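Hi everyone, thanks for coming. I'd like to walk you through a protein that may be new to you, so please have a look at the picture while I talk.

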Amino acid sequence: MFTELVEEVQLLDDGALDARLRRLEVDARRLEAERAAALAEREHRSSGRPDGFRSTVAWARGVLFWSNAECRSRMQLVRLIEAFPEVGEALLDGSIPVANADAIARGWANPRVRERFGEFIGEFLNQAERREHDDFK
(Lines give C-alpha, C1' and ligand atoms only; values in the text may rest on other atoms or scores of the structure.)
Protein backbone atom coordinates (compact mmCIF):
# COMPACT_ATOMS: atom_id res chain seq x y z
CA MET A 1 0.00 0.00 0.00
CA PHE A 2 2.78 2.45 0.86
CA THR A 3 4.62 1.34 -2.27
CA GLU A 4 1.54 2.31 -4.31
CA LEU A 5 1.52 5.73 -2.65
CA VAL A 6 5.22 6.21 -3.45
CA GLU A 7 4.59 5.27 -7.07
CA GLU A 8 1.65 7.69 -7.25
CA VAL A 9 3.76 10.55 -5.90
CA GLN A 10 6.60 9.73 -8.28
CA LEU A 11 4.24 10.22 -11.22
CA LEU A 12 3.40 13.80 -10.25
CA ASP A 13 4.98 16.65 -12.18
CA ASP A 14 6.76 19.37 -10.19
CA GLY A 15 3.74 21.66 -9.98
CA ALA A 16 1.42 18.89 -8.85
CA LEU A 17 3.96 17.68 -6.29
CA ASP A 18 4.32 21.18 -4.82
CA ALA A 19 0.53 21.61 -4.71
CA ARG A 20 0.15 18.27 -2.95
CA LEU A 21 2.77 19.18 -0.36
CA ARG A 22 1.06 22.53 0.31
CA ARG A 23 -2.30 20.80 0.70
CA LEU A 24 -0.82 18.20 3.03
CA GLU A 25 0.69 20.95 5.19
CA VAL A 26 -2.63 22.75 5.52
CA ASP A 27 -4.31 19.43 6.32
CA ALA A 28 -1.71 18.74 9.04
CA ARG A 29 -2.37 22.15 10.60
CA ARG A 30 -6.11 21.52 10.56
CA LEU A 31 -5.65 18.08 12.11
CA GLU A 32 -3.55 19.62 14.88
CA ALA A 33 -6.39 22.03 15.66
CA GLU A 34 -8.87 19.16 15.66
CA ARG A 35 -6.63 17.07 17.91
CA ALA A 36 -6.31 19.99 20.35
CA ALA A 37 -10.10 20.38 20.47
CA ALA A 38 -10.57 16.65 21.07
CA LEU A 39 -7.86 16.56 23.75
CA ALA A 40 -9.43 19.55 25.48
CA GLU A 41 -12.77 17.76 25.55
CA ARG A 42 -11.08 14.56 26.81
CA GLU A 43 -9.47 16.65 29.55
CA HIS A 44 -12.83 18.16 30.55
CA ARG A 45 -14.40 14.73 30.72
CA SER A 46 -11.52 13.12 32.66
CA SER A 47 -12.98 13.50 36.12
CA GLY A 48 -15.12 10.56 37.05
CA ARG A 49 -14.28 8.48 33.98
CA PRO A 50 -14.35 4.75 34.64
CA ASP A 51 -11.49 3.99 32.21
CA GLY A 52 -8.86 3.82 34.97
CA PHE A 53 -6.72 6.74 33.79
CA ARG A 54 -6.15 9.61 36.20
CA SER A 55 -5.51 12.19 33.50
CA THR A 56 -5.50 12.84 29.79
CA VAL A 57 -1.71 12.61 29.83
CA ALA A 58 -1.86 9.16 31.44
CA TRP A 59 -4.49 8.13 28.90
CA ALA A 60 -2.35 9.39 25.97
CA ARG A 61 0.71 7.54 27.27
CA GLY A 62 -1.25 4.34 27.87
CA VAL A 63 -3.52 4.31 24.83
CA LEU A 64 -1.70 6.34 22.16
CA PHE A 65 1.80 5.41 23.37
CA TRP A 66 2.91 9.05 23.35
CA SER A 67 6.20 10.01 24.90
CA ASN A 68 6.35 12.45 27.80
CA ALA A 69 7.58 15.10 25.36
CA GLU A 70 4.58 14.54 23.06
CA CYS A 71 2.18 14.71 25.99
CA ARG A 72 3.78 17.90 27.28
CA SER A 73 3.82 19.75 23.95
CA ARG A 74 0.32 18.71 22.92
CA MET A 75 -1.22 19.58 26.27
CA GLN A 76 0.61 22.93 26.27
CA LEU A 77 -1.02 23.64 22.91
CA VAL A 78 -4.42 22.57 24.26
CA ARG A 79 -4.09 24.97 27.19
CA LEU A 80 -2.94 27.81 24.94
CA ILE A 81 -5.91 27.31 22.61
CA GLU A 82 -8.30 27.18 25.54
CA ALA A 83 -6.97 30.55 26.70
CA PHE A 84 -6.66 32.03 23.19
CA PRO A 85 -9.08 30.37 20.73
CA GLU A 86 -7.64 32.53 17.94
CA VAL A 87 -4.60 30.22 17.96
CA GLY A 88 -6.89 27.28 17.22
CA GLU A 89 -8.56 29.32 14.48
CA ALA A 90 -5.17 30.09 12.92
CA LEU A 91 -4.27 26.40 12.90
CA LEU A 92 -7.67 25.41 11.59
CA ASP A 93 -7.47 27.82 8.68
CA GLY A 94 -3.89 26.70 8.01
CA SER A 95 -2.34 30.13 8.43
CA ILE A 96 0.30 29.23 11.03
CA PRO A 97 2.70 26.27 11.14
CA VAL A 98 2.29 23.76 13.95
CA ALA A 99 5.87 24.38 15.09
CA ASN A 100 5.15 28.09 15.53
CA ALA A 101 1.97 27.34 17.47
CA ASP A 102 4.01 25.00 19.67
CA ALA A 103 6.56 27.78 20.28
CA ILE A 104 3.78 30.12 21.40
CA ALA A 105 2.42 27.35 23.65
CA ARG A 106 5.83 26.89 25.28
CA GLY A 107 5.83 30.59 26.08
CA TRP A 108 2.30 30.42 27.50
CA ALA A 109 3.38 27.50 29.71
CA ASN A 110 5.86 29.79 31.50
CA PRO A 111 3.98 31.20 34.52
CA ARG A 112 6.37 34.17 34.78
CA VAL A 113 5.07 35.67 31.52
CA ARG A 114 1.49 34.45 31.52
CA GLU A 115 0.01 37.55 33.15
CA ARG A 116 0.95 39.77 30.20
CA PHE A 117 0.72 37.15 27.46
CA GLY A 118 -2.67 38.34 26.23
CA GLU A 119 -1.20 41.72 25.35
CA PHE A 120 1.03 40.10 22.75
CA ILE A 121 -0.95 37.15 21.39
CA GLY A 122 -2.05 39.10 18.31
CA GLU A 123 1.53 39.99 17.45
CA PHE A 124 2.67 36.42 18.12
CA LEU A 125 0.08 35.14 15.64
CA ASN A 126 0.96 37.82 13.11
CA GLN A 127 4.62 36.88 13.26
CA ALA A 128 3.85 33.16 13.31
CA GLU A 129 2.13 33.57 9.93
CA ARG A 130 5.03 35.41 8.36
CA ARG A 131 8.24 34.09 9.84
CA GLU A 132 10.18 30.90 9.35
CA HIS A 133 10.26 28.83 12.53
CA ASP A 134 13.87 29.40 13.61
CA ASP A 135 13.44 33.18 13.23
CA PHE A 136 10.06 33.07 14.95
CA LYS A 137 11.39 31.26 18.02
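With a relative accessibility of 9%, below the 20% cut-off, Glu 32 counts as buried. This residue belongs to helix H2. And what does Glu 32 touch? Leaving aside residues up to four places away in sequence, Glu 32 is in contact with Arg 74, Leu 77, Leu 91 and Val 98. Please keep in mind that everything I show you today comes from a predicted model.

Now let's step back to the whole chain. How many helices and how many strands are there? The protein has nine helices and zero strands. Going along the sequence, the pattern reads α-α-α-α-α-α-α-α-α. The C-alpha atoms fill a box of roughly 50 × 40 × 20 Å along the principal axes. There are 137 residues in the protein, and 29% of them are buried. If you take the contacts with a separation of 6 or more, 58% are between residues 24 or more positions apart.

Back to H2, the helix that holds Glu 32. H2 has 32 residues, and from first C-alpha to last it reaches 46 Å, close to the 46 Å expected at 1.5 Å a residue. Its buried residues are Arg 20, Arg 29, Glu 32, Ala 33, Ala 36, Leu 39, Ala 40 and Arg 42. What do they pack against? The partners are helix H1 (2-10), H3, H4, H5 and H6.

Let me pick out another of those, Arg 42, which is also found in H2. Arg 42 has a relative accessibility of 10%, so this residue counts as buried.

Thr 56 is in helix H3, and at 1% relative accessibility it counts as buried.

Is Ser 67 buried or partly exposed? With a relative accessible area of 32%, Ser 67 is partly exposed. Its C-alpha is separated by 9.7 Å from that of Val 57, 10 residues away along the chain.

That brings us to H4. This helix has 16 residues and spans 23 Å from its first C-alpha to its last, close to the 22 Å expected at 1.5 Å a residue. Which residues of H4 are buried? They are Cys 71, Arg 74, Met 75, Gln 76, Leu 77, Val 78, Leu 80 and Ile 81. What covers them includes H2, helix H3 (56-64), H5, H6, helix H7 (111-117) and H8.

H4 and H6 pack at an angle of about 80 degrees, with their axes 8 Å apart. The two helices are therefore roughly perpendicular to each other. On the H4 side, the contact involves Ser 73, Gln 76, Leu 77, Arg 79, Leu 80 and Ala 83, and these meet Ala 101, Asp 102, Ile 104, Ala 105, Arg 106 and Trp 108 in H6. By type, the residues of this contact divide into seven nonpolar, two polar and three charged.

The other partner is H5. Here the axes come within 4 Å and cross at roughly 110 degrees, so H4 and H5 are roughly perpendicular to each other. H4 brings Leu 77, Leu 80, Ile 81, Glu 82 and Ala 83 to the contact, while H5 brings Pro 85, Val 87, Gly 88 and Leu 91. The residues of the contact of H4 with H5 divide into seven nonpolar, one polar and one charged.

Finally, the core. The largest nonpolar core has 28 residues, and those touching the most other members are Leu 80, Val 87, Leu 91, Ile 96, Ile 104 and Ile 121. Which elements give two or more residues to this core? They are helix H2 (14-45), helix H4 (68-83), helix H5 (85-92), helix H6 (98-108) and helix H8 (121-130).

To finish, find Ile 104 in the picture. Not counting residues up to four places away in sequence, Ile 104 touches Leu 80, Phe 117, Ile 121, Phe 124, Leu 125, Ala 128 and Phe 136.

Methods:
Residues are numbered from 1 along each chain as its sequence is written. This is a predicted model: local features need pLDDT of at least 70, side-chain atom pairs count only at pLDDT 80 or more; totals for chains, interfaces and linings use all residues. Side-chain values use heavy atoms; hydrogens and water are left out. A nonpolar core is a set of buried Ala, Val, Leu, Ile, Met, Phe, Trp, Tyr and Cys residues joined through side-chain atoms within 4.5 Å. Buried means under 20% relative accessible area, exposed over 50%, partly exposed in between (1.4 Å probe, protein chains only). Contact means heavy atoms within 4.5 Å. The expected span of a helix is 1.5 Å times one less than its number of residues. Axes are lines fitted to C-alpha atoms, for helices over the stretch in contact, and angles run from 0 to 180 degrees between N-to-C directions. Angles under 35 degrees count as roughly parallel, over 145 as roughly antiparallel, 65 to 115 as roughly perpendicular and the rest as oblique. Ala, Val, Leu, Ile, Met, Phe, Trp, Tyr, Cys and Pro count as nonpolar, Asp, Glu, Lys and Arg as charged, and the others, Gly among them, as polar.
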